[in-house]
Amino acid sequence: MKKAHTLIGERVPRVDSLAKVTGEVRFSGDLIFPRMLVGMVKRSPLAHARILHVDTSRAEKLKGVKAVVAGKDTAGVKWGVFGYTQDMELLPRDKIRYFGEEIAAVAAVDEDTAMEALNLITLDLEELPAVYDPFESMASEGPPIHEGYPNNINIHVHIDVGDIEKGFRDSHLVREDTFTADEDSYFQGEPYAAVARFDDAGNLEMWMPNAGPHMKAKPLANLLQMPLHKVRLRKIAIGGAFGGRSEISPADYICALLARKSGRPVKIVYTREENSVNIRMGHALVTTIKTGVDSKGRVLARDITCYMDGGAYSSTGPIATSVPFLCMEQAYRMDNVRYNGYRIFTNKPVRGMIRMHGRSFACGVDLQLDMLGKELGIDPVTMRLVNARRAGDFTPTGSHVASCALTECIEKAAEKAGWKEKYGNLPAWRGIGIGVNSVQTGFPLGIRGGSQAFIKFNEDGGVTLISGVVDNGQGNDNMLVQVVAEELGLEVSDVTLITADTEVTPNDPGSYSMVSTFAGGNAARLAAVDARNKLFEIAAKAMEANPDDLVLENKKIFVAGSSDKFLSLQKVVRMGLIQGHPVSGEGHYAPKVDQRREWVKNPKGQLSEAFSFGATIAEVEVDPETGMVKTLEVTAAQDVGRAINPMVLEGQFEGSIAMGGQGGMLTEYHFWDKGRCLNPTQLEYKVPLAADMPKINNIIVESLDPAGPYGAKEAAMSIAMSAAQAYASAIADAIGTTIKDFPMTPDKILAAIESKKEKG
Amino acid sequence: MKKIPLVLSVNGEEYDIYIPPNRTLLEVLREELELTGTKEGCGEGVCGSCTVLCDGFPIRSCLTLAAEVQGTEITTVEGLKNEDGQLDLVQQSFIDRGAVQCGFCTPGMLMSAKAFLNRNPSPSEDDVRKGLSGNICRCTGYTKIVEAIMEVAKKK
């Protein structure tokens, strides 16, 4: 019998917050072990060079130094997300490809000794011509960054659906614009840290910020040439990810090498600069978009070419090159569309996926809709509505969209923001704009499976959930607890968690690309259902009832409709133990996708089982004297499927607006001297502060996805992205001209105002 | 480097230690006293994760030499609970209002909030936002942190 949800949709305080407000919680850098050494990394002073010799002999002789490693100490295994992108040695032997790349490392008794030892390592490098820009890189006649990639083109994704030539011929109006954006960065609260120790049997234990312990243990085992079961990544608090904690980091590998060589625990804590330059950062993009519409604003054809500065290695290249397009093909209907995405190698730090990956792409698509609408006399909200994705549609590349409440998101956001009253009627230098986006909910990427969970009933009637899901800070632990407590009629405090420990927990795809609630939440729910079924079998026998007629509520098992006839949950658990049927549960869930789909070779078929949709409206005021933008109000609406915890969701919305809109569009970018990042520090890279943030209206829209747990999809990724678009659109409305280069810093805004004046 | 003797008073407890004179308060708290609740986010006094109270005033422990604070009373996040072991109102409010996400900035944020409310017990929302401008949070967008602090101010 189905019962009403009691915990799902409740504003339950997060289970992890107590340990976080008392200082009890441990992050990787907080760990202390007996005889632990300090690890530090020697980095390349050049952007492109052949390694002729690394002399570590003087460092090794320094008192207090316990291990030194360099390329010669590695097995030479290369890391890559896919078989065909394995191009990165995490401690290179032959060649350096970006300024700051790892060359050697030391483990010493303290930081001062480690630093002194780094200075004693001498490098014999042969400098090679380097390239720092994707177009310069493609045209370069110098030595290639990697062998086997003509013109330094790392990835080319080509998608061609329908007949775009006919679409453009049939169009009433066609525009072509180019949009650009600089690199952006994660600036997670926690700088990267790794701790490694081996036991005498050769088992490795590691702690580090990770977005998927199971997805990190595998490459670590490969790189270290160890059996996978001997690599044990432990649960640890993680200080934010935002896309930047999914891949294995050289720090992980180097830390393990140093621990193995020294026979002692080793901790490496990255500086803020290393965290910016040597983990990942966002891609810089140049995106040319040509769009044709009919007289009602409906898109008939779209042709997009995008060049991404990929930096020195492939990283998530095939995915990164595809996702900006995929988000847009999900958000908007487009029958005839062509996409050419190129990811180019340069001698710069490696680029990965980031929360608002592809900001010039998404902002370009939306700004162009605004510009086309203006020529047609159609307002931006209507332009979005006539093109918005609907439930039951197929995307151009063939994904069925089972649930979609994008239209409702747009309408509700517009109503709450007062769009009708404000658009076109705001005072001078004020503007309002809208952005629309969609993200994949749980795609397996071609490299990972689903999630599995186990439940163990304890004798007091409480349960322990064992799941591979990791919490990067977004609240996954709480999500799991709420789901299990809901299914088993328990209090939140009755559920204990064992998660994200590769020795103990079953496989999980990792907490990136919005998969945790959908796959991990579903697996936990199914494990609880399995355990409940076993409870019901035991109780049914004792109560001489049919298991199908039983209900579990408030720790009592009832026959439906007769509340006086019940057994306590604790009693049934004990009965199970005595009768030789201890109660446990197993659940697993893998998103149903087309496994033949491949990012480059075969980009068609079901990509993800579900998709989330978001619409954000921003209202801004621009100071024409200084070019400064004050954000007055932001309204964000997302189809989340189902709100498992509205308070946690709102927190995700608000954080998404800060990173995607306020920071992502106004202040956040890296600047360079050739391959050297000039603002890797917190002082120079400007993220939003409390005083910068506007009033935020959150609107949670629930489409109840047929496959998500309780209908849930994901929390706020489509807000992070649509917020960026909304800010771009609002600033264009405020200054009466469209800026196509992001972020929109004061100098660019003043130049745009000036240029508009000159043109009259 | 030759070590110097130092007496530190942290969370009401006295510590007699020997440290190299170049050690920051943050390093001494985390490494010598094993009070790892205080975090290093940037190491240059920008992010506020290392904020502790020195005689009730918020300071950046990453920019403060441990030797400088001899003779003062230092309070870290571990010392925020009341004498009877109950959470401070600010800690409880952060939990109840969903102001904690990854939790890395939380200790510094709590210490700044505590000092701010001592200075200004009935602030406006704008005051709180300005008062928190020395603490960076990358997860929350600050909304729920500001709400949590306003809630405490109202209760007082």
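**Helix packing, domains and the chain contact**

Good morning. In chain A, α11(A) passes α12(A) in a left-handed crossing, meaning that the near helix is turned anticlockwise from the far one by less than a right angle. This is a predicted model, in which local features need pLDDT of at least 70 and side-chain atom pairs count only at pLDDT 80 or more, while totals for chains, interfaces and linings use all residues. Residues are numbered from 1 along each chain as its sequence is written, with chains lettered from A and ligands numbered from 1 in the order in which they are written.

Helix α11 covers residues 380-387 of chain A and helix α12 residues 406-417; their axes come within 9 Å and cross at roughly 165°. The two helices are therefore roughly antiparallel to each other, a term for angles over 145 degrees. A:Val381, A:Arg384 and A:Leu385 of α11(A) meet A:Thr407, A:Ile410 and A:Ala414 of α12(A), contact requiring C-beta atoms, placed from the backbone, within 7 Å.

Next, the domains. The domain assignment divides chain A into domain 1 (17-24 + 450-589), domain 2 (32-128 + 192-239 + 245-277) and domain 3 (284-444 + 596-759). The C-alpha centres of domain 1 and domain 2 of chain A lie 39 Å apart, and their contact takes 16 residues from domain 1 and 16 residues from domain 2.

Finally, the two chains. How many residues does the contact take from each chain? The contact takes 42 residues from chain B and 45 residues from chain A. On the side of chain B that touches chain A, α2(B) gives the most, with four residues.

Note on methods
Axes fitted to C-alpha atoms, helices over the stretch in contact; angles between N-to-C directions. Parallel < 35°, antiparallel > 145°, perpendicular 65-115°, else oblique. Contact = placed C-beta atoms within 7 Å. Domains from an automatic or database assignment.
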